[in-house]
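Try each task before you read its solution.

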Amino acid sequence: MKLLLLMIFHIGILFSVAAADQDGYIIKTTGDSVWGKVDVQMKKIPFGKKELDLADMEQGITFTENGGKRQSLKPGDVLGYGFKLEDDVWYHFVVLDWPKNNWKKAQGAFERKVKNLQLFLHRFQDGAVPLYKDYFNMATTMIGSAGAGKSERLVTELYIQTADLGFIEVASPSPGANKKLKEFLMKYLTMEEDFMKTVDDKAKFSDAEEILIAYNEWKKRI
């Protein structure tokens, strides 16, 4: 019996979500950086490496200033934060504040965005067009012969930031407009004609991340 309980305990650990203090910083609302430890949410994968639970860090973090006390912080309490993992890879996050964002894409958006008007975006690439992502878990209810059941899937949304309009979600305004990515890029980003010639007229919004990364690489070469 003890052996069985021990096995169950270890299996529970394998599938649990853990937190690990990592070297990092926060950016205060004054613009000052404070260094310390960020409590990073991690997923434990059975017989594999731990993975970041980015969706769990969208709405808040726990931070301990060097020589200070542990504190819970939400978007708006700070302007952003960052941390370094053991492999020396840095992750940087900034706040998307819908009320202060000039571009009003939030109007008519999902209920989730209406309720959570501030969130942390992951800046995953710097360059001529800095790229950001928002991660969140979307719950789905399925009804079958055995009754109702719920499942969750990770949803990723892509954002760019412009000087005039603030953060803009790179997403089709309607399902029927999915093939108008090139029009979107020309409207919101001043991309050189030489690069725009490389973008297929039929490019979809699902191709946006690949195209924007290619643009940043292209800008480095010219």
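**Exercise 1.** Does D88 count as buried or exposed, and at what relative accessibility?

*Solution.* Start with the ground rules. This is a predicted model, where local features need pLDDT of at least 70 and side-chain atom pairs count only at pLDDT 80 or more, while totals for chains, interfaces and linings use all residues. Residues are numbered from 1 along each chain as its sequence is written, and side-chain values use heavy atoms, with hydrogens and water left out.

Next, take the cut-offs: buried is under 20% relative accessible area, exposed is over 50%, and partly exposed lies in between (1.4 Å probe, protein chains only). D88 has 55% relative accessibility, so D88 counts as exposed.

Now find the partner of D88. K84 forms a salt bridge with D88, and their closest N and O atoms are 3.7 Å apart. A salt bridge needs a side-chain nitrogen of Lys or Arg within 4 Å of a carboxyl oxygen of Asp or Glu. K84 is partly exposed, because its relative accessibility is 25%.

**Exercise 2.** Which parts of the chain does the salt bridge between R70 and D21 tie together?

*Solution.* First, check the distance: the closest N and O atoms of R70 and D21 are 3.7 Å apart. Then place both ends. R70 sits in strand β5 (residues 70-73) and D21 in strand β1, so the bridge ties together parts 49 residues apart in sequence. Strands here are DSSP runs of E, at least two residues long, and helices are runs of H or I, at least four long, numbered from the N terminus. R70 is partly exposed at 48%, and D21 is partly exposed at 40%.

**Exercise 3.** Where in the chain do K182 and D201 lie?

*Solution.* The two side chains meet in a salt bridge at 2.8 Å, N to O. K182 is in helix α3 (residues 181-188), and D201 is in the loop between α4 (193-196) and α5 (208-221). The pair links distant parts of the chain, 19 residues apart. Now compare the ends. K182 is buried at 15% relative accessibility, whereas D201 is exposed at 57%.

**Exercise 4.** Which residues does T162 touch, not counting those up to four places away in sequence?

*Solution.* Locate T162 in strand β10 (residues 147-162). T162 counts as buried, because its relative accessibility is 15%. Contact means heavy atoms within 4.5 Å. By that rule, T162 touches I168, Y188 and L189.
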